[in-house]
Amino acid sequence: MSIQALKGFKDILPDEVGIWQHIEATARDIFHRFGFTEIRVPILEKTELFARSIGEATDIVEKEMYSFSDRNGDSITMRPEGTASVLRSFIEHGLQAKLPVQRLYTIGPMFRHERPQKGRLRQFHQMSVEVLGLDHPRLDAELIAMGWLILEELGLTTTLQINSLGCPACRPAYKEALVAFLAGRKEHICEDCQRRSLSNPLRVLDCKSSHCQEQYVAAPAIIDHLCQGCADHFSQTKASLDLLAVPYTVNPFMVRGLDYYTRTTFELVTDALGAQSAVGAGGRYDGLVEQLGGAKNMPGIGFAMGMERLVLLLNQQNADGCPETTTDLFVAALGEEATVRAFPLVHLLRRKGLQVAMDLEGKSLKSQMKQADRAKARFALILGEEELTKGEAVLRDMTSKEQQQVPLAGPPEALCAILVAAVTRTEQ
Ligand code: ATP
Ligand code: MG
């Protein structure tokens with residue numbers, strides 16, 4: 001029996017990869033426009049990094065991480081998200097010394113042992129950004145607007161939900177109010193929530209059970225318990241979003257699944273993917289650098305977009321959003337002599353920048369024309385024995401079916417120049 005991929009791990013096949021590249025190129029372009037540079041961090045990290053940042057009593061750390069002992073007995077984890085690794089690297093390499101405000105992005109696979117379903121995999125891909133060194137609310141709005149712009153340029157419609165989770169000054173009072181509320185509902189919430197209402201009460205609001213969620217509509221809201229600093233920060237974030245004309249709704253029960261968030265949190269949601277409604281999410285994490293052993297007072301904010309969900313949405317919402325891959329020229333050489341002649345010509349054309357295909361075996365004209373169609377070739381150069389004798393090949397425009405003769409005499413560079421000119425002349 002043949003071996004199959006692991007459950008929740010998916011191949012991205014050649015006919016799907018175009019849309020992935022389109023999403024990635026769109027995001028990279030926008031990241032660069034906003035002054036971000038790429039950072040690439042390892043997939044494996046010490047388990048402790050995630051326990052210390054994401055938080056012990058979270059779904060990710062409690063039940064979703066791919067953790068194992070390596071051959072030295074060290075506890076290693078395949079990263080479930082990017083922020084912890086990027087911050088580890090930022091601290092380890094003293095990046096703040098090089099530039100007081102760092103704008104970083106990274107793109108790559110993440111790993112969580114979840115129940116696989118549409119838009120939820122065990123290996124999935126995120127495009128994520130982090131800004132370190134600035135706590136101004138205008139930055140929160142700028143970052144959210146950048147996420148919004150990515151979706152807009154991809155042609156996707158989503159809605160934006162925002163919230164503020166306060167800070168270590170105002171959260172304890174809110175926690176107390178929430179704990180008191182939860183104590184009165186003990187019998188009506190799931191076991192996880194009962195346990196967490198003691199260990200990590202905010203976490204319960206993130207419970208996926210609709211039964212629990214019904215209980216929490218009456219819960220106290222954190223935005224009613226913010227200290228002056230957090231309340232000002234939140235209202236300035238909202239005002240800055242207004243300036244950028246990014247529409248939002250405030251969702252006071254959005255707490256996000258990671259413990260490190262402070263102040264602004266947000267989600268970009270869609271109603272087109274069932275329960276997997278978030279295509280992107282993030283927030284501010286002003287204490288996280290210090291928590292990971294870095295500088296005190298090093299504010300940070302970031303978000304991540306889930307690429308699988310973007311692919312699903314793009315396929316649903318605008319199937320033609322992604323440019324088709326085509327071939328500029330198919331060189332159809334017939335028989336051994338013509339193929340030997342065409343082989344270096346094709347290499348030369350590729351060096352000149354054209355997308356060129358040929359049949360290396362010199363098969364029949366019929367078979368090669370089929371290949372040219374399959375490759376969506378815009379032009380075909382037909383080079384058979386007859387053409388060799390005449391010293392002229394036929395260049396066919398595959399759309400208009402017009403044909404022209406091109407001379408074969410002279411150095412290959414001359415023929416190459418004619419072909420490059422013919423192919424690029426008609427490019428839109
Ligand atoms: P969800 O509520 O859907 O579990 P999350 O809060 O766990 O999402 P984050 O950790 O904030 O998600 O990750 C940011 C984004 O990464 C999500 O908005 C989503 O688009 C994507 N994502 C998260 N987990 C998965 C997964 N298992 N498969 C595919 N995409 C995912
Ligand atoms: Mg999750």
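**Figure 1. Glutamate 62 is partly exposed, at 33% relative accessibility.** The view is taken from a predicted model. Arginine 195 is the salt-bridge partner of glutamate 62, with the closest N and O atoms 3.0 Å apart. The pair links distant parts of the chain. Arginine 195 sits in helix α8 (residues 191-199) and glutamate 62 in helix α3 (residues 59-64), 133 residues apart. Arginine 195 is also partly exposed, with a relative accessible area of 40%.

**Figure 2. Glutamate 45 and arginine 88 form a salt bridge.** Their closest N and O atoms are 2.8 Å apart. Glutamate 45 belongs to strand β2 and arginine 88 to helix α4 (residues 83-92), so the bridge ties together parts that are 43 residues apart in sequence. Glutamate 45 has a relative accessible area of 8%, so this residue is buried. The salt bridges in the model come to 22.

**Figure 3. Residues around ligand 1.** The shell holds 17 residues. Arg112, Glu114, Arg120, Leu121 and Arg256 come nearest. By type, the shell divides into 7 nonpolar, 4 polar and 6 charged residues. Strands β6 (123-132), β10 (278-284) and β11 (300-306) each supply at least two of its residues. The largest share, 4 residues, comes from β10.

**Figure 4. Polar atoms that approach ligand 1.** Glutamate 114 places a polar side-chain atom 2.6 Å from a nitrogen atom of ligand 1. For leucine 121, a backbone N or O atom lies 2.9 Å from a nitrogen atom of the ligand. For alanine 278, a backbone N or O atom lies 2.9 Å from an oxygen atom of ligand 1. How much of ligand 1 does the protein bury? Taken alone, the ligand exposes 580 Å², and the protein buries 92% of that.

**Figure 5. Glutamate 114 and arginine 120 meet in a salt bridge.** Their side chains are 2.9 Å apart, N to O. Glutamate 114 has 13% relative accessibility, so this residue counts as buried. Arginine 120, at 14%, counts as buried too. Elsewhere, salt bridges that share partners join Asp59, Glu62, Lys63, Asp192, Arg195 and Arg196 into one network.

**Figure 6. Arginine 284 lies in strand β10.** Is arginine 284 buried or exposed? At 0% relative accessibility, arginine 284 counts as buried, the cut-off being under 20%. Its side chain makes a polar contact with the side chain of aspartate 286, at 2.8 Å. The arginine 284 side chain also reaches the backbone oxygen of leucine 134, at 3.3 Å.

**Figure 7. Isoleucine 19 sits in helix α1 (residues 14-33).** Isoleucine 19 is buried, with a relative accessible area of 11%. Leucine 312 is 293 residues away from isoleucine 19 along the chain. The C-alpha atoms of the two residues are separated by 9.9 Å.

**Figure 8. Ile43, Leu44 and Phe68 form a nonpolar patch on the surface.** Together they have about 240 Å² of accessible area. Isoleucine 43 is placed in the loop between β1 (37-38) and β2 (44-46). At 33% relative accessibility, isoleucine 43 counts as partly exposed.

How values were computed. Residues are numbered from 1 along each chain as its sequence is written. Chains are lettered from A and ligands numbered from 1 in the order in which they are written. This is a predicted model: local features need pLDDT of at least 70, side-chain atom pairs count only at pLDDT 80 or more; totals for chains, interfaces and linings use all residues. Side-chain values use heavy atoms; hydrogens and water are left out. A residue is near a molecule or strand if one of its heavy atoms lies within 4 Å of it. A polar contact is a pair of N or O atoms within 3.5 Å; within protein, one must be able to donate a hydrogen and the other to accept it, and residues adjacent in sequence count only if both atoms are side-chain atoms. Accessible areas come from the Shrake-Rupley method with a 1.4 Å probe; for residues, only the protein chains shown count as cover. Ala, Val, Leu, Ile, Met, Phe, Trp, Tyr, Cys and Pro count as nonpolar, Asp, Glu, Lys and Arg as charged, and the others, Gly among them, as polar. Buried means under 20% relative accessible area, exposed over 50%, partly exposed in between (1.4 Å probe, protein chains only). Patches are made of residues with over 30% relative accessible area and no salt bridge: like charges are joined within 9 Å, nonpolar side chains (Val, Leu, Ile, Met, Phe, Trp, Tyr) within 5 Å. A salt bridge is a side-chain nitrogen of Lys or Arg within 4 Å of a carboxyl oxygen of Asp or Glu.
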